[in-house]
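Hello,

Here is the structure I said I would pass on. My notes on it follow below.

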Amino acid sequence: MAKDFFNAYHSYLKSMETLTDAECGRLFRACLNYSKFGTEPELRGNERFVFPMVRQQIDIDVEASKVKSETNRNNALRRYAMAGDGMRSYANPCEDQRLPAREKEENEEKERSSPCSPSSFPPHPPIITPYNPPKEKEAREERESCAGRPVDVRFEQFWQAYPKKVGKKDALKAFERAKPTAELFSKMLEAIEIAKKSPGWQRGKRAVHS
């Protein structure tokens, strides 16, 4: 990780309501290690359900920082290039500036009277881009539908998504104690799908057991 810190958002408090002080401590330490070294922690308590959401936000913040740095660098290079062009223009004026005023006016008149000049063409009609409705409504409906499902049904959905199917009974007990809200449950599923694509999970070396 390039940054020396990670952002702790107030929205995390809602997801950590059911965690004990010890679980909160382990979660915070896991976030620090992941932010600094990029290592996947071996979590066994309820904090393992919250960590994927925090890890996803850490990755998003790191990428946003990289984009911002790259944008600032490109802007600085562009300003430097523009300053260099201005100095070259001042030292070497263009041919058009050296033309006599009368000859310049004649050239402009020829361009305006030419049938191929840009001013002779009618304006282009505005380009209308088809409207694509956002997918936020579908995601909200999915979260609302999850809120009314029984715990065992939601756990089965979580169990099918999680790659390491070991200790199902213990995982169900932990899931029932955690009582994840619809929003947290949706974020858990999203975090699992993102984690499946990471190199550690694909090699099967760092995937956490359920």
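**What was found**

L184 sits in helix 9, which covers residues 182-196. Please keep in mind that the model is predicted. With a relative accessibility of 12%, L184 counts as buried, because the cut-off for buried is under 20%. M16 is 168 residues from L184 in sequence, yet their C-alpha atoms are 10.0 Å apart in space.

Next, the nonpolar cores. The largest one has 15 residues, and the members that touch the most others are F49, F155, F158, F175, F185, M188 and I192. Two or more residues each come from helix 7 (151-161), helix 8 (168-178) and helix 9. Helix 9 contributes the most, with 5 residues. Leaving aside neighbours within four places in sequence, F158 is in contact with F49, F175, F185, M188, L189 and I192. Another core lies apart from this one; it has 14 residues, including C31, F51, M53 and I58. In soluble globular proteins, nonpolar side chains tend to be buried together.

C31 also belongs to the buried residues of helix 2, along with E23, L27, A30, Y34 and S35. Seen down the helix axis, the buried residues of helix 2 fall within an arc of 125°, so they line one face. On the other side of helix 2, the residues D21, R29, K36 and F37 are exposed.

As for length, helix 2 (residues 21-37) has 17 residues and should span 24 Å at 1.5 Å a residue; its end C-alpha atoms are 24 Å apart, which agrees. Just after helix 2 comes G38, with a positive phi of about 75°.

Regards

How values were computed. Residues numbered from 1 in each chain as written. Predicted model: local features only at pLDDT ≥ 70, side-chain atom pairs only at ≥ 80, totals over all residues. Heavy atoms only, no water. Helix = DSSP H or I, 4+ residues; strand = E, 2+ residues; numbered from the N terminus. Buried < 20%, exposed > 50% of the residue type's maximum accessible area, 1.4 Å probe, protein only. Core = buried A, V, L, I, M, F, W, Y, C linked by side-chain atoms within 4.5 Å. Contact = heavy atoms within 4.5 Å. Expected span 1.5 Å × (residues − 1). Arc of directions from axis to C-beta.
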